[in-house]
Amino acid sequence: RPIGFLSHMLSVRPLKVIYLGSRCKEEEEDEGTLHLTEAAAGFDKSLSGKLSELLKLSGPALKNGKSRVFYGLHKDFPCVALVGLGKNNAGVCRTENWDTSKENIRQAVSAGCRLLQDLEVSHVEVDSCGDAQSAAEGAVLGLFHYDQLKSKKKTKVTTQLHGSADVVGWEKGIVYAEGQNLARLLMEAPANHITPTAFAKTIEEKLSIFKITAWIEEQQMGAFLSVSKGSEEPPVFLELHYNGSPDSKQPPLLLVGKGITFDSGGISLKPSASMDAMRADMGGAATVCASIVTAASLKLPVNIVGLAPLCENMPSGKATKPGDVVKAKNGKTIQVDNTDAEGRLILADALCYGHVFNPRAIVNVATLTGAMDVALGSAAAGVFTNSDWLWEQLHRASVVTGDRVWRMPLFQHYTKQVTDSQLADLNNIGKYSRSGGACTAAAFLREFVKAPHWAHLDIAGVMSNKDEVPYLRKGMSGRPTRTLVEFAAGLAHNG
């Protein structure tokens, strides 16, 4: 290997630590004492302590996620980056609902890798930091940048685990992160590049089959078709099957994702500001498809079926008009008072169809309501569920991944607001318009579910990242792909 293209990233645990709880605060201890990870300590020993000596001389103790670079310390590694990992053995924080140690590692490794990428380093060896999977996730997620359509691109960086510690965990983390990056790639791409057909073909070569307009009409998916009517792009119904269980008759986990590849709002047109972001309104479909592709890569011993109704929501002379009544697959009629509340319409038909697989559990994922963003922001995806067991499985998975979920109410109070319709069985918006909008949307979906274990994840608030998640660059987030994968893995191994 050319020495000039090899760099080495190690880690240091400073005594200036961060305690996470309702508030974050720092406590300073002896500034002269360093706590190096095992790999960093070994590297320092090989240099007769020169690394730790330089670190002390170069400035204050490294804070969590901060990094420092040294040059010319080792003949094989001309560039060494050290990153602060925060408090040692922080573990699960019940207030934050995540594993703080894992999050610190993801954040720190991401920061170090990006720093080296900015220095145009093309290969990085990464310290496992005591958790190889989290380190791999931080590296791969942190380095992702959508520049496919730009002439000038960032330096492509390859990563590998330093030493032989926990190669299995490292490889698992790579697969988890690449799954989320697949979702990010689909969500970030312009709507004229990722049409319903293009989306389906991207996934098709991996696992899926897709159905076109004639099949959708045969299935009497009137709600889905009503959304697609205004667009020149034909609708596509994407169906994925992964049969990983040794028992082929094991009831599958059913994942359903909203696939609006561009949402103008239809006749109920959205404001033009930030409408470009609605290229990612297929985030539910992107995360569902990416999580199933990831489950297959991991060879999880579980059966999964994925469904993604894909279409555009556009205004035209053929588009659905406010006040129109359409019929869903289960025969229920829906008064469409707002054509911008379209996601629930396409999901309704997909949920009805999904019951033919007799699933053990149903999880649908959708960038469904702006009200969800108002309620939780980007901190967590909202979960509406009729099953305590299913909630516990999803919540446990999210603590591990750091991509959190939060349970929301599914009261009959909200059902009454969507079943009180002047012209039809249901109305696609709540009786009191904006009040409890995320909750009434969930109540609407429940009208199309008969399964005892169903959860609706509203991911509108976590669709994009500005700077809230330090190890994701600005742009579409691909959340909560890793949580869905961890959830599926939990079902596979724990039943």
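User: Between which two elements is the loop that holds proline 480?
Analyst: This is a predicted model, in which local features need pLDDT of at least 70 and side-chain atom pairs count only at pLDDT 80 or more, while totals for chains, interfaces and linings use all residues. Residues are numbered from 1 along each chain as its sequence is written, and side-chain values use heavy atoms, with hydrogens and water left out. Elements are DSSP runs numbered from the N terminus, helices being H or I of at least four residues and strands E of at least two. On that basis the loop of proline 480 lies between β24 (475-476) and α15 (481-494).

User: What is the omega of the cis peptide bond at proline 480?
Analyst: The bond in question joins proline 480 to arginine 479. It is cis, with an omega of about 5 degrees.

User: Is serine 48 buried or exposed, and at what relative accessible area?
Analyst: Serine 48 sits in the loop between α1 (38-46) and α2 (50-57). Although serine 48 is not a glycine, its phi is positive, about 60 degrees. Buried means under 20% relative accessible area, exposed over 50%, and partly exposed in between, with a 1.4 Å probe and protein chains only. Serine 48 is therefore exposed, at 72%.

User: Cysteine 129 has a positive phi too; is cysteine 129 buried or exposed, and at what relative accessibility?
Analyst: Cysteine 129 is in the loop between β9 (123-126) and α4 (132-143). Its phi is about 60 degrees, although it is not a glycine. Cysteine 129 counts as buried, with a relative accessibility of 2%.

User: Which residues is leucine 119 in contact with, leaving aside neighbours within four places in sequence?
Analyst: Leucine 119 belongs to the loop between α3 (100-118) and β9, and it is partly exposed at 41% relative accessible area. Its C-alpha atom is separated by 8.8 Å from that of threonine 155, 36 residues apart along the chain. Taking contact as heavy atoms within 4.5 Å, leucine 119 is in contact with Val69 and Tyr71.

User: Which residues make up the uncovered face of strand β5?
Analyst: Strand β5 spans residues 67-71. In a regular strand the side chains alternate between the two faces of the sheet. Arg68 and Phe70 form the covered face of β5, and the uncovered face consists of Ser67, Val69 and Tyr71.

User: Which residues stand opposite valine 256 in β15 and in β18?
Analyst: β13 runs parallel to β15 (residues 303-313), joined by four bridges. With β18 (residues 361-366), β13 also pairs in the parallel sense, over five bridges. Valine 256 faces leucine 307 in β15, and in β18 it faces asparagine 364.

User: How far apart in space are the C-alpha atoms of arginine 344 and leucine 445?
Analyst: Arginine 344 is in helix α10 (residues 343-354) and counts as buried at 7% relative accessibility. Beyond residues up to four places away in sequence, arginine 344 touches several others, among them Asn428, Phe444 and Leu445. Leucine 445 is 101 residues away in sequence, yet the C-alpha separation is 6.4 Å.

User: At what angle do helices α13 and α14 pack?
Analyst: Axes are lines fitted to C-alpha atoms, for helices over the stretch in contact, and angles run from 0 to 180 degrees between N-to-C directions. The axes of α13 (residues 412-419) and α14 (residues 437-446) are 8 Å apart, and the helices pack at an angle of about 75 degrees.

Methods
Pairing = 2+ DSSP bridges.
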